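Work through the exercises below with the structure in view. Each task is followed by a solution in steps.

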Amino acid sequence: MTKLQGSCHCGAVRFEVEEPEWVMDCNCSRCRLYGGLWAYYPENEVEFAGAPDTFTYVWGDRMLEFHTCRTCGCATHSTNVDKSDNYPMAVNARLLRGISPKRTRLVQKNNGNDMVFWTHTESPVLPSHDEPPPAK
Ligand SMILES: [Zn+2]
């Protein structure tokens, strides 16, 4: 497997992950505004360079903390509020250097319930629901 390095624009938040097999474009009210493409991993498979210096934002069912770089504002990753939960964490695959749509599949998730996406894929759109995505 290929390891890829990710970084926010200013470089304050840096991490390394395996190259994802797929990334998720979600059209919920938050992801639509952040513009992230999410790649999912067990928390112990995301290697941060030091403690990430981020703001966190929690909303809705208050299950997830959405992290943005405290300096440059990039949406970097999300973690679980309940640390005993095995739900995978997400990193924003747009921050990964060397990621390619030729190798990584795009999956769209219709959590916004309006089927509006600005990305294109041949894969079927996933319906809105709360089941955790499989890791990687
Ligand atoms: Zn930054």
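**Exercise 1.** Find how many bridges join β1 to strand β2, and state how the two strands run.

*Solution.* In this predicted model, take residues 14-18, which form β2. Next, count its bridges to β1: there are 5. The two strands run antiparallel. In general, strands of a sheet pair through backbone hydrogen bonds, in parallel or antiparallel fashion.

**Exercise 2.** List the elements of the chain from the N terminus on, then compare its radius of gyration with the globule rule.

*Solution.* The chain holds 1 helix and 10 strands. Read from the N terminus, they run β-β-β-α-β-β-β-β-β-β-β. The radius of gyration is 14 Å, close to the 14 Å from the globule rule for 136 residues, so the chain is as compact as a globular protein of that length. Along the principal axes, the C-alpha atoms fill a box of roughly 40 × 35 × 30 Å.

**Exercise 3.** What percentage of the 136 residues is buried, and what percentage of the contacts between residues at least 6 apart in sequence joins residues at least 24 apart?

*Solution.* Count a residue as buried if 20 or more other C-beta atoms lie within 10 Å of its own. Buried residues then make up 30% of the chain. For the contacts, keep those between residues at least 6 apart in sequence; 55% of them join residues at least 24 apart.

Key. Residues are numbered from 1 along each chain as its sequence is written. This is a predicted model: local features need pLDDT of at least 70, side-chain atom pairs count only at pLDDT 80 or more; totals for chains, interfaces and linings use all residues. Helices (H or I, at least four residues) and strands (E, at least two) are DSSP runs, numbered from the N terminus. The radius of gyration is taken over C-alpha atoms; the globule rule is 2.2 Å times the number of residues to the power 0.38. A residue is buried if 20 or more other C-beta atoms lie within 10 Å of its own, exposed if 12 or fewer, and partly exposed in between; C-beta atoms are placed from the backbone. Two residues are in contact if their C-beta atoms, placed from the backbone, lie within 7 Å. Two strands pair if DSSP finds at least two bridges between them.
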